[in-house]
Amino acid sequence: MNEFEKITKSMPQIENETLASSCVNGASLLSEISQSLKNYVIFSQPEEADAITLWCAGTYLMDQWNIWPKLYIHSPERECGKNTLLSAVEAIVKNGKIAANITPSSLYRFVEHSQPTLCIDEADRFLRENPELNGLMNAGHTRRTATKLLTEAKKDGGFEVKEFSLWSAQVIAGIGRQADTLLSRSIKILLRRKTPDEKVQRMTYKHHENQNHVRESLSQWANVNAEYISEIPEKRPEGASDRAQDNWTPLL
């Protein structure tokens, strides 16, 4: 039994919560997003589209979380829809930014400056063998550990210690596996090639622009419900490891 099966098995035990009223119907919005993802990508399991939808919505609530998992999109081979899914996610999340490569120094400087949702592509080409970058990304798994301290020279002589935040939502897309420490901090999405009888929609180059209304609706929904969500008692799912329970608790 894999992680999705273990987690979803416990989901019926979790009571539904009624969120604050607003002009945005959260349930309908999330259903719309999940269906949109299924229109463009063939998933190994249908629950994966729901998990991605919840993760994307959670990027608008980063101030409420003490822990937030990575989203790891991986394919066993080429042409499984990885780039399409990454583009679909980037069009939904808060302040999304796609990067085909990223260095350790640019990671913490960009997070500190822009508070983005980082959408990192081609991770199989540079991330797996980069322990410094892995360490920084791992540190950003929890708010309390998401800090980089750096000593820099001052213009007038001497040195000063600067503090950089590592707290940001991150999507990692690549072929194959990554370091176990990174995977254990991730919601893992395994893609597959579509069969000859399976059809998906082609994503246009204006997809990000066409999703403006979705991002605006998610932002409005999150602003209305942020305080309420922060006060909901944690209900940890059953049937998985402690780390997996940590990762899934805020999504549930």
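**Close-up views of a predicted model**

View 1. Helices (H or I, at least four residues) and strands (E, at least two) are DSSP runs, numbered from the N terminus. In a regular strand the side chains alternate between the two faces of the sheet. Six of the six residues of β1 are buried, so this strand is largely enclosed by the rest of the structure. The structure is a predicted model, in which local features need pLDDT of at least 70 and side-chain atom pairs count only at pLDDT 80 or more, while totals for chains, interfaces and linings use all residues. Residues are numbered from 1 along each chain as its sequence is written, and side-chain values use heavy atoms, with hydrogens and water left out.

**View 2. The open sheet.** Five strands form an open sheet in the order β2-β3-β6-β1-β7, with parallel pairing. Strands β2 (96-99) and β7 (186-190) stand at the edges, each with a single partner strand, so one side of each is left without a neighbour in the sheet. On average, neighbouring strands of this sheet are turned by 15 degrees against each other, direction ignored. Two strands are said to pair if DSSP finds at least two bridges between them. Strands of a sheet pair through backbone hydrogen bonds, either parallel or antiparallel.

**View 3. Strand pairs within the sheet.** Strand β1 (residues 70-75) pairs with β6 in the parallel sense over five bridges, and serine 75 has isoleucine 175 in β6 as its bridge partner. β1 also pairs with β7 in the parallel sense over five bridges; there, tyrosine 72 stands opposite lysine 188 in β7. Strand β3 (residues 117-120) and β6 are joined in the parallel sense over three bridges, and the bridge partner of leucine 118 in β6 is glutamine 170. β2 and β3 run parallel and are joined by four bridges, with alanine 99 opposite isoleucine 120 in β3. Five of the six residues of β6 (residues 170-175) are buried, so β6 is largely enclosed by the rest of the structure.

**View 4. Leucine 71 and serine 75 in strand β1.** Leucine 71 lies in strand β1 and counts as buried at 0% relative accessibility. Not counting residues up to four places away in sequence, leucine 71 touches Ile52, Trp55, Val89, Gln170, Val171, Ile172, Ile187 and Ile189. Contact means heavy atoms within 4.5 Å. Serine 75 is also found in strand β1 and, at 1% relative accessibility, counts as buried. Leaving aside its neighbours within four places in sequence, serine 75 is in contact with Cys80, Lys82, Gly174, Ile175, Gly176 and Leu191.

View 5. Helix α4 (residues 82-90) lies across β1, β2, β3, β6 and β7, running at about 170 degrees to β6. Axes are lines fitted to C-alpha atoms, for helices over the stretch in contact, and angles run from 0 to 180 degrees between N-to-C directions. The largest nonpolar core has 64 residues, and those with the most contacts inside it are Trp55 and Leu85. Such a core is a set of buried Ala, Val, Leu, Ile, Met, Phe, Trp, Tyr and Cys residues joined through side-chain atoms within 4.5 Å. Leucine 85 touches Leu37, Val41, Phe43, Ile52, Ile73, Ile189 and Leu191, not counting residues up to four places away in sequence.

**View 6. The contact of helices α5 and α6.** The axes of α5 (residues 104-114) and α6 (residues 131-139) come within 9 Å and cross at roughly 25 degrees. The two helices are therefore roughly parallel to each other (angles under 35 degrees count as roughly parallel, over 145 as roughly antiparallel, 65 to 115 as roughly perpendicular and the rest as oblique). Pro104, Leu107 and Tyr108 of α5 meet Glu132, Leu133, Leu136 and Met137 of α6 in this contact. These residues divide into six nonpolar, no polar and one charged. Ala, Val, Leu, Ile, Met, Phe, Trp, Tyr, Cys and Pro count as nonpolar, Asp, Glu, Lys and Arg as charged, and the others, Gly among them, as polar.

Note on methods
Buried means under 20% relative accessible area, exposed over 50%, partly exposed in between (1.4 Å probe, protein chains only).
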